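I open this notebook to record what I looked up in a structure that is new to me. The entries follow the order in which I consulted it.

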Amino acid sequence: MQIPNAGSVEPLNTPVDFPQTEIARFPRLGLDIGSTTIKAVLVDEEDNILFSRYERHLSHIQGSLAKILVEIAEEFPDGAALVTLTGSGALLLSEHLDLPFVQEVIAASTAVRQVIPQADVAIELGGEDAKLTFLSGGIDQRMNETCAGGTGAFIDQMAVLLKTDASGLNELAATHQALYPIASRCGVFAKTDVVALLNEGASRSDIAASIFQAVVDQTIGGLACGRAIAGRVAFLGGPLNFLSELRQRFIETLKLTPENIIFPERAEQFVALGAALSAHGSETARFSDLLDRLKNLEQGQLNEHSES
């Protein structure tokens with residue numbers, strides 16, 4: 001599915017002022033291990049992207065990560081890089097592999113400051129969490145990780161009721177004519193609302209758009225908590241990257257003008273990019289050695305602790 005680029009993107013090598021820290025001049029690999037996906041971004045010494053990947057891990061973190069590392073090792077047989085991990089499923093992994101870990105808010109803000117420094121607010125939706133980061137006047141991040149309401153998982157659940165997937169939901173929403181209220185905080189209540197609308201004869205297109213609107217309402221109402229989302233707004237994360245109609249619901253609800261919409265390249269990999277850009281030090285790891293370390297872990301050791 002082709003997604004139009006709705007905002008300008010600053011060059012990746014835009015200099016950034018990191019107080020009391022020097023950016024290491026080595027290739028850097030950022031790995032973002034989320035609740036449903038793994039994102040990997042490898043940059044060279046000049047911050048040019050050499051490799052990137054976005055994959056669902058289906059709760060098989062070790063196998064999915066090994067697959068990505070095999071691809072990197074094959075493409076760069078003698079390659080090595082500084083490696084930094086981030087994401088809800090990465091803390092335990094970083095301990096087992098003896099690799100540095102950076103908090104998501106730091107990784108995300110690093111990427112924003114370097115790639116889209118003009119952003120005032122960043123909205124990021126993930127598989128099972130949602131984040132709203134205010135960037136002007138200091139970083140203030142709000143995060144919903146206690147339930148799946150308003151996240152990619154919520155969208156997947158609602159799509160099943162319409163006998164489609166998230167991509168199909170997006171196509172349906174493109175032709176909607178009306179919006180209906182749908183509960184967004186609880187999947188059970190949302191399912192009740194959707195089933196009722198289907199029984200009443202509401203069109204699948206209208207229901208699809210209403211599901212996206214429920215995600216918007218949950219993000220704004222549950223995370224902004226009355227603080228205005230104003231200025232230039234960046235849309236990040238897989239759902240907002242792949243689902244153009246979901247972005248459109250945010251744009252219309254927030255009444256954003258074109259100059260205030262920032263939709264950067266690789267928005268779905270932005271946190272992994274930030275992890276790569278935030279790496280510093282001099283201890284690199286060979287890609288083949290990383291793969292060996294991962295294979296030496298007891299099978300299933302990570303998956304048991306990766307849910308968040």
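**Entry 1: helix 10.** I looked up helix 10 (residues 270-277) and found eight of its eight residues buried, so helix 10 is largely enclosed by the rest of the structure. I take buried to mean under 20% relative accessible area, with exposed over 50% and partly exposed in between (1.4 Å probe, protein chains only). Helices here are DSSP runs of H or I with at least four residues, strands are runs of E with at least two, and both are numbered from the N terminus. I listed the buried residues of helix 10 as Phe 270, Val 271, Ala 272, Leu 273, Gly 274, Ala 275, Ala 276 and Leu 277.

**Entry 2: basis of the values.** I note that this is a predicted model, in which local features need pLDDT of at least 70 and side-chain atom pairs count only at pLDDT 80 or more, while totals for chains, interfaces and linings use all residues. Residues are numbered from 1 along each chain as its sequence is written, and side-chain values use heavy atoms, with hydrogens and water left out.

**Entry 3: the chain as a whole.** I counted 11 helices and 10 strands in the protein chain. Of its 308 residues, 53% are buried. I then turned to contacts, meaning heavy atoms within 4.5 Å. Among contacts with a separation of 6 or more, 71% join residues 24 or more positions apart.

**Entry 4: Leu 236.** I located Leu 236 in strand 8 (residues 233-236). Its relative accessible area is 3%, so Leu 236 is buried. Not counting residues up to four places away in sequence, Leu 236 touches Val 112, Ala 122, Ile 123, Glu 124, Leu 125, Pro 264, Ala 267 and Phe 270. Phe 270 is also one of the buried residues of helix 10. The C-alpha atoms of Leu 236 and Leu 125 are 6.7 Å apart, although 111 residues separate the two along the chain.

**Entry 5: helix 4 and helix 6.** I compared helix 4 (residues 152-161) with helix 6 (residues 187-199); their axes come within 10 Å and cross at roughly 30°. That makes helix 4 roughly parallel to helix 6. The axes are lines fitted to C-alpha atoms, for helices over the stretch in contact, and angles run from 0 to 180 degrees between N-to-C directions. Angles under 35 degrees count as roughly parallel, over 145 as roughly antiparallel, 65 to 115 as roughly perpendicular and the rest as oblique. From helix 4, Phe 154, Gln 157, Met 158 and Leu 161 meet Gly 187, Ala 190, Lys 191, Val 194 and Leu 198 of helix 6.

**Entry 6: Val 194.** I followed Val 194 in helix 6. With 0% relative accessibility, Val 194 counts as buried. Leaving aside neighbours within four places in sequence, Val 194 is in contact with Met 158, Leu 161, Leu 162, Ile 182, Ile 207 and Ile 211. The C-alpha atoms of Val 194 and Ser 210, 16 residues apart along the chain, are separated by 9.2 Å.

**Entry 7: helix 7 and helix 9.** How do helix 7 and helix 9 lie to each other, and at what angle do their axes cross? I found that the axes of helix 7 (residues 204-224) and helix 9 (residues 244-254) come within 9 Å and cross at roughly 55°. The two helices are therefore oblique to each other. Ala 209, Phe 212, Gln 213, Val 215, Val 216, Thr 219 and Ile 220 in helix 7 meet Glu 245, Leu 246, Arg 249, Phe 250, Thr 253 and Leu 254 in helix 9.
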